[in-house]
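This briefing goes through one protein chain by topic. Please keep the sequence and the structure in view while reading.

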Amino acid sequence: MSEPSAQVPTAGVAMTAIGVALIRVRESARPDRLYDDPLAAAFVTAARPAFSEERWSRLEALADQFYEGRSLAVKAVDESFGEAVAAGCGQIVLFGAGLDTRAFRLGLPAGTVLFEVDLPELFDFKEPVLAARQARPDCVRRVVPADLRGDWGRALAAAGFRPGVATLWAEEGVLNYLPRPDAQALIETVTELSAPGSRFGIGRFQVDAAARRYRELHDLVSGDSAAARPVNGLGPDAESWFTAHGWRTTFRAWNDLVAPYGRPGLGEVPGMGTVLAVRE
């Protein structure tokens, strides 16, 4: 793999995509793996030369700390894609797509259109790696370089998004990196663009920002342990907001969600799980 190291996202939130790729590599190597992602190793191999030994060690250590929960979450989102397609969603929009490879590994129907939305610098790294591997998606894959704090809806429309088609809107934590006004503006735009039957999965997690692993993640991403932690994400009223704006919501507890996978969950955490919002 010979992609220039200057293209590798080694700082900021885009760098977390490499950490998640490390987790997918580890899961794929297990004989009892929940999923298989051979492309993840290509991203890790291409990214490694751009990091110092110290910074790479920190990234690997964090990937280890988040491995169990994140790998279960990857599997859960995998299944949500299949459920949405079976329910009639012809489009999927993945916010903060990072180094996601579901277009290549889930066997999605050829007519399904999957839009990957992320920062331009992320795709500057991702696309050459995929091209070097001659990776071919199973479905229609469209890359949407856009900042979720800006007019990403216009970029999505330019990529061929059709508001009249039921859509799965998916994200795996990127909204927690957005200032609350931007995260709330995003779901307002999602609501405007959603045809009946569209779906949006909302994680309901209790994060202890003072816990060591979250402090270390914040420090690695921000580069400043003293940097203030802003108020991010949709906030505690997200579920009621969806209900008030024409979505039907159902809650599924985390341990119930992951029980079929035969792996330890994260313990009993009251209220932790996912909310599925369906546009009426």
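**Charges over rings**

The charged end of Arg102 is placed over the ring of Phe81, at 5.2 Å from the ring centre. Arg26 likewise lies over the face of Tyr67, 3.9 Å from the centre of that ring. The model is predicted. Its chain has 280 residues, of which buried residues make up 46%.

**Overall make-up**

- The chain contains ten helices and seven strands.
- Among contacts in the chain with a separation of 6 or more, 76% come from residues 24 or more positions apart.

**Helices α1 and α3**

- Helix α1 spans residues 16-28 and helix α3 spans residues 53-86; their axes come within 8 Å and cross at roughly 65°.
- The crossing of α1 and α3 is right-handed.
- On the α1 side, the residues that meet α3 are Ile18, Gly19, Val20, Leu22, Ile23, Arg24, Arg26 and Glu27.
- On the α3 side, the residues that meet α1 are Trp56, Leu59, Glu60, Ala63, Asp64, Phe66, Tyr67, Arg70, Ser71 and Val74.
- Sorted by class, this contact of α1 with α3 has ten nonpolar, two polar and six charged residues.
- Arg26 and Tyr67 both belong to this contact, and they are also the pair in which Arg26 lies over the ring face of Tyr67.

**Aromatic pairs and the cluster**

- The count of aromatic pairs comes to ten.
- One of them joins Phe95 and Trp152, with 5.0 Å centre to centre and 80° between the planes, an edge-to-face arrangement.
- This pair links distant parts of the chain, 57 residues apart: Phe95 is in strand β1 (residues 91-95) and Trp152 is in helix α6 (residues 152-158).
- Phe95 has a relative accessible area of 1% and so counts as buried, the limit being under 20%.
- Trp152 is buried as well, because its relative accessibility is 3%.
- Phe115 and Phe161 form another edge-to-face pair, 5.9 Å centre to centre with 65° between the planes.
- Here too distant parts of the chain are linked: Phe115 lies in strand β2 (residues 113-118), Phe161 in the loop between α6 and β4 (167-171), and the two are 46 residues apart.
- Phe115 counts as buried because its relative accessibility is 0%.
- Phe161 also counts as buried, because its relative accessibility is 8%.
- Phe95, Phe115, Trp152 and Phe161 belong to one aromatic cluster together with Trp169.

**Pro120 in helix α5**

- Pro120 is placed in helix α5, which covers residues 120-132.
- Its relative accessibility of 39% is the reason why Pro120 counts as partly exposed.
- Leaving out residues up to four places away in sequence, Pro120 touches Pro145 and Ala146.
- Pro120 and Val143 are 23 residues apart along the chain, and their C-alpha atoms are separated by 9.6 Å.

**Gln134 and its backbone**

- Gln134 is found in the loop between α5 and β3 (140-145).
- Although Gln134 is not a glycine, it has a positive phi of about 55°.
- Gln134 counts as exposed because its relative accessible area is 62%, where the limit is over 50%.

Notes:
Residues numbered from 1 in each chain as written. Predicted model: local features only at pLDDT ≥ 70, side-chain atom pairs only at ≥ 80, totals over all residues. Heavy atoms only, no water. Axes fitted to C-alpha atoms, helices over the stretch in contact; angles between N-to-C directions. Helix = DSSP H or I, 4+ residues; strand = E, 2+ residues; numbered from the N terminus. Left-handed = near helix turned anticlockwise from the far one by under 90°. Contact = heavy atoms within 4.5 Å. Nonpolar A, V, L, I, M, F, W, Y, C, P; charged D, E, K, R; others polar. Phe/Tyr/Trp six-rings, centres within 6.5 Å; stacked < 30°, edge-to-face > 60°. Buried < 20%, exposed > 50% of the residue type's maximum accessible area, 1.4 Å probe, protein only. Lys NZ or Arg CZ within 6 Å of the ring centre and 35° of its normal.
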